[in-house]
Amino acid sequence: MKRCFFFLVCSISSVAAFAQIDTVAYRAVANSIQKKFAPDKRSVYFNVRFKADSVFVESTSEQAVEALGKLFPADAKEKLVVAILPAKSLNGQIYGITTISVANNRSQPFHGAELMTQTLLGTPVQILKKQGGFYLVKSPDGYLAWTDGGSIALMNEKSFKEWQAAKKVVFIADYGHAFAKADAGAARVSDLVSGNILKMLSVEGSFTKLGFPDGREAYVPTEQLTDYDAWIKRPIPNADAILKTAQTLIGVPYLWGGTSIKGVDCSGFTKTAYFLNGIIIPRDASQQALVGEKLDVIENDSISVDKCLKNLKAGDLLFFSAAKRRGINNGRVSHTAIYMGNGEFIQSAGMVKISSILPAAANYDEYQTKTLVGARRILTQINQPEITKVEKHDWYWTKK
């Protein structure tokens, strides 16, 4: 690896004197740096573009940019153009709040791109750059994706802190609407889903007047709301709370990238079950599989039902790898679920449903069970790296 890297550096040096950049050599070095400093594009942005005789580099990682700069020949430094995100062109508007019930975040800045994740109304995000009508944002779980500019309210530091400090409420019904007047028969301003966060303005009869991050105002039945400060300051949840929330999603359809009652993918489901109980965990199954307390459920590269029944507790996360069906035992984690106890687990696969690892059970899921590769305990690891109580996350923090 070192020998190959040295060869690439020499290749760059040998072409530095030419007017045109040897894109093959530079791209190879950039790829090596990306593997070292920005291996996961879901959490670190690193983009290299070539135009004429210049190399343009954008990244959220200062280390990655510095490493590439050090490899650039001294007599070609003027050909390297670097930018650390957030972009200066944002003019300080590097904060944002999701302003629709469920915002779609995509892999590329256009509507036809793959849906990667979603953020709920009231979710704070970091704005990194703009391209067309889309913004590259980082959500509180550290996930990077592109969201339509119409789904977020841009803020500078002052307005963001004002939003943080404002009195807010959380929508706790599964699904509902905000109305133009304090009347359920009035015109609708927006739909709402559980976990949406809005500014509280006043109480009018059985309705509460609320403010959206983009300045809209509307009325919601007060019985569907709870105080935001009380919501984020709840005690660390137990397994019963996690499972109670998870079961409210039974029957919700599988949606790749989904994280709300409108639709959830496998890790969006586990993430949502924890978030609605005040806990932020990583977004994807392969990321969730790296946090928490590792549990022993495997024997001789296969699931051990005995170990599962002995070592697992309700609320633990199970992880599966589709590669196991091809005889690959160290493949990428591709699915996750929440263990319920007595061999049962709840998952989003086709829809949210309860399945079992026990062959004799009526709801035995042979397809998933045979691909089990691990399990992790989250509830004993709250406030460890990447398992954060909402109350402890700086972006949600409120100072009175």
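The side chains of Asp296 and Lys307 meet in a salt bridge, with 3.1 Å from N to O; the term stands for a side-chain nitrogen of Lys or Arg within 4 Å of a carboxyl oxygen of Asp or Glu. Asp296 sits in the loop between β21 and β22 (298-299) and Lys307 in helix α9 (residues 305-311), so this pair ties together parts that are 11 residues apart in sequence. Helices (H or I, at least four residues) and strands (E, at least two) are DSSP runs, numbered from the N terminus. With 41% relative accessibility, Asp296 counts as partly exposed, and so does Lys307, because its relative accessible area is 22%. On this scale, buried means under 20% relative accessible area, exposed over 50%, and partly exposed in between (1.4 Å probe, protein chains only).

The model is predicted, so to speak of local features takes a pLDDT of at least 70, and side-chain atom pairs count only at pLDDT 80 or more, while totals for chains, interfaces and linings use all residues. Residues are numbered from 1 along each chain as its sequence is written, and side-chain values use heavy atoms, with hydrogens and water left out.

Back to the charged pairs: the structure holds 16 salt bridges. One of them joins Arg42 to Asp284, where the closest N and O atoms are 3.0 Å apart. This pair links distant parts of the chain, 242 residues apart: Arg42 is in the loop between α2 (23-37) and β1 (46-51), and Asp284 in the loop between β20 (279-280) and α8 (285-288). Both Arg42 and Asp284 are buried. Salt bridges that share partners also gather Asp40, Arg42, Asp265, Arg283 and Asp284 into one network. Another salt bridge brings together the side chains of Asp214 and Arg216, at 3.0 Å from N to O. Asp214 counts as partly exposed at 39% relative accessibility, and Arg216 is partly exposed as well, with a relative accessible area of 28%.

Next come the sheets. Six strands make up an open sheet in the order β21-β28-β24-β25-β26-β27, with antiparallel pairing; strands pair if DSSP finds at least two bridges between them. Its edge strands, β21 (293-295) and β27, each pair on one side only. From one strand to the next, the twist averages 35°. Axes here are lines fitted to C-alpha atoms, for helices over the stretch in contact, and angles run from 0 to 180 degrees between N-to-C directions. Within this sheet, strand β24 (residues 317-320) and β25 run antiparallel and are joined by four bridges, with Leu318 having Ala337 as its bridge partner in β25.

Two helices go with this sheet. Helix α7 packs on the sheet and touches β24, β25, β26 and β27, its direction making about 45° with that of β25. Helix α6 lies across β25, β26 and β27, running at about 120° to β25. In α6 (residues 239-247), the buried residues include Ala239, Ile242, Leu243, Thr245 and Ala246. They cover an arc of only 160° around the axis, which puts them on the same side of α6; the arc is that of the directions from the helix axis to the C-beta atoms. Asp240 and Lys244, on the other side of α6, are exposed. Among the elements that cover the buried residues of α6 are α7 (266-275), β25 (335-341), β26 (344-349) and β27 (351-356), contact being heavy atoms within 4.5 Å. At the start of α6, a side-chain oxygen of Asn238 reaches to within 3.2 Å of the backbone nitrogen of Asp240.

Helix α4 (residues 157-165) has Phe160, Trp163 and Gln164 as its buried residues. They cover an arc of only 100° around the axis, which puts them on the same side of α4. The cover over these buried residues includes β4 (95-98), β7 (124-131), β10 (152-155), β11 (168-171), β14 (197-204) and β15 (207-211). Asn156 caps the N-terminal end of α4, with a side-chain oxygen 3.2 Å from the backbone nitrogen of Lys158.

Technical notes. A polar contact is a pair of N or O atoms within 3.5 Å; within protein, one must be able to donate a hydrogen and the other to accept it, and residues adjacent in sequence count only if both atoms are side-chain atoms.
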